[in-house]
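Here is a short briefing on one structure.

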Amino acid sequence: MRIVLLGPPGAGKGTLAELLKENLNIVHISTGDILREEMKNNTPLGQDIKKLVDGGALVPDSIVIKIIENKLTGSYQGGTFGGDNFGKSYLLDGFPRTKAQAQELDKFLTRIHQPIDFALYMEASLPVILQRLTGRRVCKKCGALYHVINKPPQKDGICDVCQGILYQRPDDNEETIKTRMNVYIKNTSPVIEYYAAQNKLKKVNADNDGQYVQGELMKIFHEAGKTDQHKNA
Ligand code: AMP
């Protein structure tokens, strides 16, 4: 299965991906994680994009498209994100974020005969988004996600998994969240229409927690499996 996760910042895309990784053999590819890794390692790319990412603006299409193509074909060299995902099941999280990215992704996947199966649109309301993002904490070392109220760590400020230090993303403050929401509405809404027009859009109410969303996704997998069996019959 090749799935694109769509939805505003704070819809719970990363949380869903974490849950699915535990339960299914599916690779999570997040452009946000890859870009943050570049910034952490202070690579030339990381230095170039830092202002954009910290301010909530989008990184140019050409950069993220190249990263995704290299990542899917296994030639991505940066950070700790190398590895061949060619032919595997994967979730794309945070990509595509513009219609141009969606079109380029389609062209590339058509070339390698591996079209995406569907896009999952995780709809969430503004109060829920704000509550999630302002309380979100991330492990510096392993990237595990926490929330000061919804999912606090056992020891304040320390990751349960690897004992790394938890931090608040610089773009998770209210001012930058507003910018990210505006960027999302302007650039990413057309991506939702793009997949709807291809009949590949599935929707889920992501005001609910990750377990619920995971359950809904499992139903979609099940349906897709039925369709495949039907096709193969
Ligand atoms: P995320 O972790 O998905 O919230 O992404 C964090 C930030 O990384 C975004 O606010 C953008 O600055 C940048 N970013 C991530 N994915 C993309 C993308 N597909 N296109 C452009 N910028 C991106």
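**Ligand site**

The ligand is surrounded by 16 residues (a heavy atom within 4 Å). The closest are T31, R36, A57, G94 and Q101. The model is predicted: local features need pLDDT of at least 70, side-chain atom pairs count only at pLDDT 80 or more, and totals for chains, interfaces and linings use all residues. Numbering starts from 1 along each chain as its sequence is written, and side-chain values use heavy atoms, without hydrogens and water.

- A57 places a backbone N or O atom 2.5 Å from an oxygen atom of the ligand.
- R97 has a polar side-chain atom 3.0 Å from a nitrogen atom of the ligand.
- R169 has a side-chain N or O atom 3.1 Å from a ligand oxygen atom.

**Helix pair**

- Helix α5 (residues 99–111) packs against helix α7 (residues 174–197) at about 40°, with axes 8 Å apart. Axes are lines fitted to C-alpha atoms over the stretch in contact, and angles run from 0 to 180 degrees between N-to-C directions.
- K99, A102, Q103, L105 and D106 of α5 meet N187, P190, V191, Y194 and Y195 of α7 (contact: heavy atoms within 4.5 Å).

**Sheet**

- Three strands form an open sheet in the order β6-β5-β7, with antiparallel pairing (at least two DSSP bridges per pair).
- β6 (145–147) and β7 (166–167) are at the edges, each with a single partner strand, so one side of each lacks a neighbour in the sheet.
- β5 (residues 136–139) pairs with β7 over two bridges. V138 has Y167 of β7 as its bridge partner.
- Helix α6 (residues 126–135) lies across β5 and β6, at about 40° to β5.

Terms used
Helix = DSSP H or I, 4+ residues; strand = E, 2+ residues; numbered from the N terminus. Polar contact = N/O pair within 3.5 Å; in protein donor to acceptor, adjacent residues only side chain to side chain.
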